[in-house]
Each structure stands twice: as structure tokens, then as C-alpha cells.
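Morning, everyone. Let's take a quick look at a new structure. Please have it up on the screen before I start.

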Amino acid sequence: MDSTLRKTHWELIRQADDFAAKVAGTVTEDPHRLGYHIMAPSGWINDPNGLVYYSGEYHVFYQYHPYSSQWGPMHWGHVKSKDLVHWKHLPTALAPSEPYDQNGCFSGSAVDDNGILTLIYTGNVHTESKRAQVQCIAVSIDGVNFSKSADNPVIGEAPKACSPDFRDPKVWRHGDSWYMVVGYREGKIGKALLYESRDLRKWKYVGVLADNDGSLGYMWECPDFFSLDGKHILIISPMGVPGHKSIYLVGDFDYRTGWFDWQHYAELDYGHDFYAPQTLAGPSGRRILFGWMNMWGREQPTAEKGWAGALTIPRELRLLPDGTLSMLPVSELRALRKDHVRVENIEVSGEGNDYLASLAGDQLEIVAVFELAGCTATEFGLEVRCSPEGDQGTSIIYHRRNGELIVDLNRSGAGVGGRTGGPLKLREKNTLKLRIFIDRSSVEVFGNEGRIALSSRIYPNPNSNGVKPFATNGSVRIRRFDAWKLKSIW
Ligand code: FRU
């Protein structure tokens with residue numbers, strides 16, 4: 001396009017925010033709008049981007065299409081918070097304005113470069129005649145308004161330049177250098193490439209940080225790389241693995257060789273709606289993760305109300321002694337709690353048990369401790385968001401023989417269905433502790449102190465608010481059941 005006709009970045013930002021302000025009022029009336037999760041003011045959101053603790057505040061950016069509730073030319077939306085709980089929308093941070101990012105400002109990260117908040121993102125070009133992905137930076141001194149660098153693109157092509165899939169840079173500081181891990185496709189193999197820089201502008205290609213034999217996907221989207229409790233963790237969202245999963249690999253990394261020697265991997269979250277997570281290092285070194293709480297290819301019934309997509313609640317990662325990761329909601333989220341209910345010693349058999357009849361809500365935190373000693377049921381768990389008629393409900397099921405925790409969405413309301421789960425092995429005498437966050441159109445389940453997480457979107461009727469324990473083919477005892485109503489932040 002003739003550059004004299006092109007709108008400037010500032011004009012495009014203003015245009016996006018004016019549009020969002022005009023339609024924001026209409027989306028707030030949707031009963032499925034979330035109460036305490038990060039969402040765009042309206043329009044479409046996917047991956048969390050640019051997670052950073054900067055100048056005493058947490059900043060979260062996200063892939064954002066302000067003009068419709070479908071994916072489109074990507075902008076970066078922006079929120080910030082002092083406490084990881086209460087978020088404030090800020091002006092759109094990035095809009096596709098330049099030849100090198102004309103079809104979208106794709107995912108990336110943020111760093112505090114000596115007081116300058118610097119975004120590192122992928123410029124996407126996708127026209128009939130050209131496909132290219134390049135790495136770019138944008139800077140801000142006030143943490144709100146971002147200018148794209150005159151040095152862009154700072155990485156103009158991948159080392160072998162054999163594939164246009166080269167995106168989602170995650171940058172961190174180590175010693176006197178900046179390092180970047182970026183996702184790459186080489187033929188049928190997904191890879192994470194490593195770069196190094198002194199100034200965030202000139203980048204030297206170090207080599208392949210990690211790759212796979214093809215069984216872990218042909219393209220690794222949104223890589224993230226960090227040390228945790230004595231090991232290194234690489235998070236990837238691979239394409240070409242059935243069911244779109246996000247995976248973490250645990251291993252050892254040597255800055256002298258640039259090679260990540262990973263020993264094992266597992267899924268990060270076994271729910272229906274979790275993808276492209278990213279982490280940040282909090283001020284005290286905590287590793288905090290947000291994911292996109294939706295999934296490519298899944299129906300999003302809120303789209304007809306003018307919005308689609310949200311991020312998960314923030315979760316803290318820890319490496320457990322057995323080398324697996326645990327993921328638990330950050331403790332700050334307790335600030336949302338009000339109206340506590342506690343019930344102890346509930347013997348559950350069959351369903352229709354009304355011990356919890358007094359408890360109802362569409363914004364709840366639940367902590368339930370089930371005893372396996374004496375349990376005769378083959379499956380047990382909780383049904384949440386149950387309708388008074390019994391035709392709706394989202395089941396969180398522990399299957400004893402398979403050692404599996406499952407979320408069943410087959411009666412969860414409009415547009416969704418399917419059952420999915422993951423492994424959680426318990427010994428006979430163990431307990432199962434479920435921690436569940438319900439927020440209007442979402443459910444996030446954490447089993448046994450974050451050893452497993454499942455995140456799913458649900459779209460029940462607004463009056464489907466009940467909570468019911470159940471046990472199949474036998475009984476189970478709930479030692480203690482706590483629930484809180486949760487406040488809204490928007
Ligand atoms: C992951 C992803 C990224 C890309 C972005 C585009 O969900 O495909 O690889 O940068 O979304 O919106």
C-alpha cells in the first residue's frame with residue numbers, strides 16, 4: 001500500500017479503542033460474560049502475551065481483534081493489575097500498521113529494559129504473494145503507549161528460511177545478555193530456536209534449543225523457557241498433536257551449549273479450553289502462568305453477543321520432587337472470597353443428594369476433600385452449574401480404577417460437549433482434594449494441590465446454579481466441603 005495513504009500506528013490504536021468503546025455496553029449484558037477473569041472489552045481474544053512485572057504492576061497483553069468476535073488481524077490488548085486479581089483495561093498496545101506486520105501483530109513477550117517496557121512480537125505478513133513471519137520490538141516509557149522500533153524487523157528471517165512458520169518470541173535476561181526462544185517449523189518437525197542479544201535489537205542465532213522426532217508436533221507455537229526449582233522447563237503449544245495440547249518439558253540447560261536436554265514431558269492442563277500459556281517471574285521469583293481459556297476449533301457461543309475468549313486465572317507453577325509440575329491458583333485470589341459455607345462429613349451415594357442445596361452460584365470457589373478409605377463407588381465427584389430440572393450440569397468425575405480426573409461437558413449448555421480428563425493416581429488411603437473455580441461460563445479444576453488442572457468453558461442457563469455431589473455404584477465420604485461466593489472485578 002502507498003505509505004502516504006496508510007494510517008499511522010497511533011491512528012489505528014485510536015480507531016480500535018473508539019470502536020471498542022462504542023460496543024462495550026452491549027457485551028456486558030451477556031450472562032456468560034465472566035466476573036473475575038481477564039477478557040477483552042469486546043471482540044476476540046486468544047493467547048496471553050507480554051506477561052511482565054513492570055514498575056510495581058503486573059501487565060498482561062493478549063492477542064486481540066477489536067472489530068469482531070472472530071479471529072482477525074491481530075492487535076495486542078492490554079490490562080494491568082497491582083495484585084493479580086483486580087485488572088484495569090488500558091489502551092490497545094499494538095495494531096498492525098507497518099509493511100512487516102501488516103496482517104497482524106502476533107504473539108510475543110515483554111521485558112523491563114532498564115525502565116523501558118519493551119514488547120517483542122511477531123510481525124505477520126500473509127498476502128496472496130507473500131508469507132513471512134519476522135520478529136519486532138516496540139517500546140514504551142509510560143507502560144501504556146508503545147512505539148514500534150525503527151530497527152524493525154529485528155530478526156528478518158529464520159536461520160534456514162525454509163518455512164514461514166517462525167513466531168512467538170519469548171525473551172528473558174540472563175547475566176549480561178538477553179535470550180529469546182522462538183517457535184519454528186522445519187518440514188514436519190516443531191522446534192524451539194535460541195537467540196542472544198546485548199541490546200534487544202541485534203540478535204545472534206545460537207542454535208536449536210530443543211526439537212522432537214515429529215511425535216510432538218510439526219510446529220511449536222508459543223514456547224516459553226525458564227528455570228524452576230533447580231531444573232529448566234520448556235512450555236510449548238504444538239500443532240499436529242491430536243486435540244491441541246499445551247505441553248511442558250523438564251530438563252537441564254547449559255548456557256554454554258545452548259542445548260536443552262529434556263528428560264520427560266506432560267500436559268499442562270487436561271481441560272477442553274486451555275492453550276498457548278505464558279509465564280512471568282513475579283517480584284519474589286514466583287513463576288506465574290496464564291493460559292488462553294479457549295481452543296482453536298471449538299465453538300464459542302458468546303461470539304453472537306460480540307465477544308469471544310478469556311484468559312485463565314493466574315496460576316503458580318512449582319516443580320514437585322517427582323519431576324512433574326504443579327499448578328495452583330495464586331494465593332491473591334482469596335481476595336475474591338465472600339459468603340463462606342462449610343459442610344463436614346457427608347456420606348454420598350447415588351445422586352440427588354441435597355446436602356449442598358443451600359449452596360448455589362455462578363461465581364464460586366469450592367474446596368472438597370473426598371476420602372478414598374472406605375470408598376466403594378466406582379466413580380464420584382461433584383456436579384456444578386446444575387439446573388433445578390436436572391437437565392443441565394457439568395460433572396467433575398474421579399474414576400477410581402482408571403485413576404483419572406475428568407470433566408464432562410455433555411450437559412453443560414449451549415454449543416459444548418465432550419468428556420476429557422487426565423491421570424491422577426491415588427492410593428487407597430489417600431484423599432482427593434478438588435479445588436474448583438466457577439465463573440459464569442468457565443470451570444477450572446485443580447486436583448490434589450495442583451497435580452492436575454482442567455480448564456473448560458461452559459454455557460449453562462443463568463439459573464443453572466446448583467452444586468451436587470454424586471457417587472456411582474457405591475458411596476464415598478466427603479470429609480470437608482468449603483465454598484465461597486466470589487466477587488466480580490469488572
Ligand atoms: C497460538 C497462535 C500463535 C500466533 C497467534 C496468532 O494460538 O497461533 O502461534 O502468534 O496465535 O493469533
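This is a predicted model. I'll begin with a sheet. Four strands make up an open sheet, ordered β13-β14-β15-β16, and their pairing is antiparallel. Which strands stand at the edges? They are β13, residues 219–228, and β16, residues 259–267. Each has a single partner strand, so one side of each is left without a neighbour in the sheet. From one strand to the next, the twist averages 25 degrees.

Stay with β13 for a moment. Eight bridges join β13 to β14, which covers residues 231–239, and the two run antiparallel. Find Asp224 on your screen: opposite Asp224 stands Ile235 in β14.

Now, salt bridges. Side chains of opposite charge can pair when their charged atoms come close. How many salt bridges does a search of the whole structure find? The search gives 32.

Pair one is Arg286 with Glu332. Their closest N and O atoms are 2.7 Å apart. Is Arg286 buried or exposed? Its relative accessible area is 16%, under the 20% cut-off, so Arg286 is buried. Glu332 comes out at 24%, so Glu332 counts as partly exposed.

Pair two joins Arg477 and Glu347. Here the N to O distance in the salt bridge is 2.9 Å. Again, distant parts of the chain are linked: Arg477 is in strand β31, residues 466–486, and Glu347 is in strand β22. They are 130 residues apart. Both ends are partly exposed, Arg477 with a relative accessible area of 29% and Glu347 at 35%.

Asp408 lies in strand β26 (404–408) and Arg419 in strand β27 (419–423), so the pair ties together parts that are eleven residues apart in sequence. Asp408 is buried, at 14% relative accessible area. Arg419 is partly exposed, at 45%.

Last, the network. Which residues are linked in a network of salt bridges? They are Arg131, Asp165, Arg167 and Glu221.

Methods. Residues are numbered from 1 along each chain as its sequence is written. This is a predicted model: local features need pLDDT of at least 70, side-chain atom pairs count only at pLDDT 80 or more; totals for chains, interfaces and linings use all residues. Side-chain values use heavy atoms; hydrogens and water are left out. A salt bridge is a side-chain nitrogen of Lys or Arg within 4 Å of a carboxyl oxygen of Asp or Glu. Buried means under 20% relative accessible area, exposed over 50%, partly exposed in between (1.4 Å probe, protein chains only). Two strands pair if DSSP finds at least two bridges between them. Axes are lines fitted to C-alpha atoms, for helices over the stretch in contact, and angles run from 0 to 180 degrees between N-to-C directions.
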